[in-house]
Amino acid sequence: KRPPSHHLLLLVAALPRSRTLGGAGMPTGQLLVTLCEGRKLKDTDWFTKSDPYCKLTLLGPGHAKGETWRSKTHQSGGKTPRWNQVHSFSVKEGFEHLLIECCDEDIGSDDLIGVANMSLRGAFSSPNATSDQWIPISSPTGKPRGEVRMTLSFVP
């Protein structure tokens, strides 16, 4: 089951974060994210394939939440969902991390598959360039739960 939101904030605080530039002087602009696919995702359903979706949230100073976007659900996507969805985030100064929550949509309450806290420093340091990467996600206890592939491009 998905942990309560206050547990998620504690989890985010515990996730490893790369060194950052700090709030002052961080760029503002548009972050174009393409959520492509997943692989080796933990299947949380017993008798059917999982129905995965991702929720992406910009994180600022002190884990302040910024803009959030939720992908469509890949019905019966199981361990290898394909989303191929694009979203443009408006990045405000100091918002330099992207929280990735991968969940299994269920009737009642959704199950958390895994999370990641991704630094956007690389995207900020190479404006107008596109990076394509697999991001490992993990459970609240740190167990590997698969990977999510995204492309990122930052336009100041």
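A residue counts as buried when its relative accessible area is under 20%. In this predicted model, Phe154 has a relative accessible area of 1% and is therefore buried.

**The aromatic pair**

Phe124 is part of helix 2 (residues 121-125) and Phe154 is part of strand 8 (residues 144-155), so the pair ties together parts that are 30 residues apart in sequence. Phe124 also counts as buried, because its relative accessibility is 9%.

**Overall architecture**

The secondary structure of the chain consists of two helices and eight strands. Along the sequence these elements follow the pattern α-β-β-β-β-β-β-α-β-β. The chain has 156 residues, of which 46% count as buried. Among contacts between residues at least 6 apart in sequence, 67% join residues at least 24 apart. The chain exposes about 8000 Å², and carbon and sulfur atoms supply 54% of that area.

**Strands 1 and 4**

Strand 1 (residues 29-39) and strand 4 run antiparallel and are joined by eight bridges. Within this pairing, Gly29 stands opposite Val91 of strand 4. Strand 4 (residues 82-91) has two faces: Trp83, Gln85, His87, Phe89 and Val91 make up the covered one, whereas Arg82, Asn84, Val86, Ser88 and Ser90 make up the uncovered one.

**The surroundings of Glu37**

Glu37 lies in strand 1. With a relative accessible area of 13%, Glu37 is buried. The side chain of Glu37 is joined to that of Arg82 by a polar contact of 2.7 Å; Arg82 is on the uncovered face of strand 4. Leaving aside residues up to four places away in sequence, Glu37 touches Pro81, Arg82, Trp83, Trp134, Glu147, Val148 and Arg149.

**Charged ends over rings**

Trp134, one of the residues that Glu37 touches, also has the charged end of Arg39 over its ring. The charged end of Arg70 sits over the ring of Tyr53. The distances to the ring centres are listed below.

| Charged residue | Ring | Distance from charged end to ring centre |
|---|---|---|
| Arg39 | Trp134 | 3.8 Å |
| Arg70 | Tyr53 | 3.6 Å |

Terms used:
Residues numbered from 1 in each chain as written. Predicted model: local features only at pLDDT ≥ 70, side-chain atom pairs only at ≥ 80, totals over all residues. Heavy atoms only, no water. Helix = DSSP H or I, 4+ residues; strand = E, 2+ residues; numbered from the N terminus. Buried < 20%, exposed > 50% of the residue type's maximum accessible area, 1.4 Å probe, protein only. Lys NZ or Arg CZ within 6 Å of the ring centre and 35° of its normal. Pairing = 2+ DSSP bridges. Contact = heavy atoms within 4.5 Å. Areas by Shrake-Rupley, 256 points an atom, 1.4 Å probe, with all protein chains shown as cover. Polar contact = N/O pair within 3.5 Å; in protein donor to acceptor, adjacent residues only side chain to side chain.
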